[in-house]
Amino acid sequence: MAKAIYLSAWFITGCIASSLVAWLGSLHPALVQVVLCIYLIALAVWGMCWLTDDAIAKFLKVDLIDYYAILIATGTSAIIGGLLCWLLGN
Amino acid sequence: MLGGTAVLCWLLGLSPLGKLPKGVFLMLGFGCGLQLIQEAEGLIYDEAIAKINKSLNHGLDAKTLALQTLAAEQELQMQFGGQQPTYSQEVLNELRESLEHLVKEEIANAAPDTSASTSADRNRKSFYLAVKSLLEVHSHTYIIEEILGYRGRKFNEGNTALQNLLEEGKNNGW
């Protein structure tokens, strides 16, 4: 029960962070590029995590399955945060 | 509750309020989210401690129950099981002595049979004893005619055989 609350807390925080980044983009037209850069870098890091899953999972001492779950959840939260921000209008 | 405020702030931050309020709400929501993470960690720790306590208490309860039942059993045994036997000590001794005598007698009776006699002798002896016991019920004539089988003219032979048998038994002390 507490574990579920813990995981959902991380997810919500991830969504809010993504929304924050997207909001940054809405402040000034020039910042759009900055935000896009941020998202691209995040996407690249996320992809690298998939490629180097063995090493990072061993380093963090989690099971592979849990590691994949973490990656997918992070990606989903970023997408949801950014997407919602974009859909609901800057 | 904290989770609720975090989600609310997030949604408010997404709604078209105006740039600054949106930003404010989003940052508030972010702070709420971080706080939520900290609280959840504490909750996990508390739950783990509670689980450990529960299992320890359970083990302790099981052990106390076992000890109590053991003590109750011992008390009951002392009350009901520690009685004197129904026979007195002299009677017990007499019984034990008579039993020993019987056993020795049995051994003594068995020993001559197995050591000194052949099977023919044993058969003869048991035959003699059977005839002797029959003599208590039937007459000589019956025994000679039916058991030994000397009928009619052979009656005298049978009579002699019977007398020989009886003599043999008496001489041997059967």
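This is a predicted model: local features need pLDDT of at least 70, side-chain atom pairs count only at pLDDT 80 or more; totals for chains, interfaces and linings use all residues.
## Chain A: overall build

Chain A contains 4 helices and 0 strands. Read from the N terminus, its elements follow the order α-α-α-α. Among contacts in chain A with a separation of 6 or more, 48% are made by residues 24 or more positions apart.

Chain A has 90 residues, of which 29% count as buried. Its accessible surface amounts to about 5800 Å². Carbon and sulfur atoms account for 81% of that surface.

S77(A) is located in helix 4 of chain A, which spans residues 64-87. Its relative accessible area is 5%, and the residue is therefore classed as buried, the limit being under 20%. Leaving aside residues up to four places away in sequence, S77(A) touches F11(A), G14(A), C15(A) and S18(A).

W50(A) belongs to helix 2 of chain A, residues 29-51. With a relative accessibility of 31%, W50(A) counts as partly exposed, because this class lies between the limits of 20% and 50%. When residues up to four places away in sequence are not counted, the residues that W50(A) touches are Y68(A), L71(A) and I72(A). For W50(A) and I72(A), the separation is 22 residues in sequence, and the C-alpha to C-alpha distance is 9.7 Å.

## The interface between chain B and chain A

The size of an interface is often expressed as the accessible area that is lost when the parts come together. Between chain B and chain A, the buried area is about 2100 Å². Carbon and sulfur atoms give 81% of this buried area. On the side of chain B, the residues that lose the most area to chain A are W10(B), L14(B) and K19(B). Together these three residues supply 30% of what that side buries.

The contact involves 24 residues from chain A and 20 residues from chain B. Salt bridges between chain B and chain A number 0, while 4 residue pairs are in polar contact across the interface, with both residues at pLDDT 80 or more. On the side of chain B that touches chain A, the elements giving two or more residues are helix 1 (2-14) and helix 2 (19-81) of chain B. Helix 2 of chain B provides the largest share of this side, namely 16 residues. By residue class, the side of chain B that touches chain A comprises 13 nonpolar, 3 polar and 4 charged residues.

## A salt bridge within chain B

Over all chains, the count is 1 salt bridge. E168(B) forms a salt bridge with R124(B), and their closest N and O atoms are 3.2 Å apart. This pair links distant parts of the chain, as the two residues are 44 residues apart. E168(B) is in helix 6 of chain B, residues 155-172, and R124(B) is in helix 4 of chain B, residues 119-135.

How values were computed
Residues are numbered from 1 along each chain as its sequence is written. Chains are lettered from A and ligands numbered from 1 in the order in which they are written. Side-chain values use heavy atoms; hydrogens and water are left out. Contact means heavy atoms within 4.5 Å. Buried area is the accessible area (1.4 Å probe) that two parts lose on being put together, summed over both. A salt bridge is a side-chain nitrogen of Lys or Arg within 4 Å of a carboxyl oxygen of Asp or Glu. A polar contact is a pair of N or O atoms within 3.5 Å; within protein, one must be able to donate a hydrogen and the other to accept it, and residues adjacent in sequence count only if both atoms are side-chain atoms. Ala, Val, Leu, Ile, Met, Phe, Trp, Tyr, Cys and Pro count as nonpolar, Asp, Glu, Lys and Arg as charged, and the others, Gly among them, as polar. Buried means under 20% relative accessible area, exposed over 50%, partly exposed in between (1.4 Å probe, protein chains only). Accessible areas come from the Shrake-Rupley method with a 1.4 Å probe; for residues, only the protein chains shown count as cover.
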